[in-house]
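My notes follow in the order I looked things up.

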Amino acid sequence: MDKEKLAYLNGQAKEIRKLTIEEIGTLGSGHIGGSMSIADVLALLYFHRMKVDPAQPRLKDRDQLVVSKGHAGPAVYSALALKGFFPKDWLKTLNQGGTKLPSHCDRNLTPGIDMTAGSLGQGFSAALGIALGLRIDKNPARVYTIIGDGESDEGQIWEGALFGAAQRLANVTAFTDFNKQQLDGYVKDILDLGDLKAKWLAFGWYTQEVDGHDIEALDAAIEKSLACKDKPSMIIMNTIKGKGCNFAEGIEKNHSMAFDLAKAREAIAALDAAD
Ligand SMILES: Cc1ncc(C[n+]2csc(CCOP(=O)(O)OP(=O)(O)O)c2C)c(N)n1
């Protein structure tokens, strides 16, 4: 990837973070931690990798993204608004009465959302079903999906892992947001995943592990996943929960936080000053 493109994508990731902090600050509370940790991969997918058309959200041969950790809706909405799927003003309505942007992703409400999620584990299964359907239809589109590491404590994830490998769903690139935290603590203390890379390999997935905040490394991993033609791909992203939000990053209780617009604006200013 050339330097100009990389700088542009890093800029878009920062914009997603800023919009997300403001969006949640406007509401007064929300899932800041797990939203901030996926901003980089969202920027890469929506502004470089995925074939999507904001004017035709249900385009038949679009690439699809299922954010199975559906509570990260705020970050996905920021990316979609930035891409032009709907006006940025909608972000001010997050999770309020009558909104098209509920806290968890809903394909029936929001232009650009490909699958409803929120009950952890289900989105991943749906993503694999979509991929199988696309293959049956001889549709060349690709399915991307993002799961959480806490979400990987769900049995349904491993049923999906078996299914994806058994069906040789090579049109799937999955990401694990490996931020080491879940709702109320560290994954290793709640239900340890052990050697996550070894597990995905053992389940028959083409598996890579990268720094999830390094867009160039992520892009190279996606490129390799496209070249793998006989199995689905898992990219384990080492990330930091709350990344880029100064009062959330690196603390234990950052899953869902209450903060107002004034605090949000301070965090946005700090993010702007960081480079
Ligand atoms: C089936 C199910 N069980 C429990 C929950 C409650 N819940 C919401 S988010 C969350 C933690 C998820 O952790 P992780 O996947 O690591 O997300 P991240 O830390 O990246 O936000 C839990 C337990 C849920 N949404 N669905």
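**Ligand site**

I started with the backbone of Gly 150, where an N or O atom lies 2.7 Å from an oxygen atom of the ligand. I keep in mind that this is a predicted model.

I then looked for side-chain contacts. His 71 brings a polar side-chain atom to 2.7 Å from a ligand oxygen. Gln 181 uses a polar backbone atom instead, which is 2.9 Å from an oxygen atom of the ligand. I also checked the cover: the ligand on its own has 600 Å² of accessible area, and the protein covers 78% of that.

Next I listed the shell. I found 18 residues around the ligand. The closest are His 71, Gly 118, Asp 149, Gly 150 and Lys 241. I sorted the shell by class and got 10 polar, six charged and two nonpolar residues.

**Strand S3**

I moved on to S3, which spans residues 143-148. How many of its six residues are buried? I count six of six, and I note the strand as mostly covered.

I wanted to see this face by face. In a regular strand the side chains alternate between the two faces of the sheet. On one side of S3 I find Val 143, Thr 145 and Ile 147. On the other I find Tyr 144, Ile 146 and Gly 148. Residues on both sides are buried, and both faces are covered.

**Strand partners**

I checked which strands pair with S3. S2, residues 64-67, runs parallel to S3 and is joined to it by four bridges.

I then traced the connection. Helix H6, residues 155-166, belongs with S3 and S4 to a β-α-β unit. I recorded the unit as right-handed.

**Asn 179**

My last stop was the loop between S4 and S5 (181-182), where Asn 179 sits. Is Asn 179 buried or exposed? I read a relative accessible area of 6% for Asn 179, so I call this residue buried, the cut-off being under 20%.

I also looked for a partner for the Asn 179 side chain. I found a polar contact with the side chain of Ser 37, at 3.3 Å.

Conventions. Residues numbered from 1 in each chain as written. Predicted model: local features only at pLDDT ≥ 70, side-chain atom pairs only at ≥ 80, totals over all residues. Heavy atoms only, no water. Near = heavy atom within 4 Å. Polar contact = N/O pair within 3.5 Å; in protein donor to acceptor, adjacent residues only side chain to side chain. Areas by Shrake-Rupley, 256 points an atom, 1.4 Å probe, with all protein chains shown as cover. Nonpolar A, V, L, I, M, F, W, Y, C, P; charged D, E, K, R; others polar. Buried < 20%, exposed > 50% of the residue type's maximum accessible area, 1.4 Å probe, protein only. Helix = DSSP H or I, 4+ residues; strand = E, 2+ residues; numbered from the N terminus. Pairing = 2+ DSSP bridges. Right-handed = clockwise from strand over helix to strand, strands pointing away.
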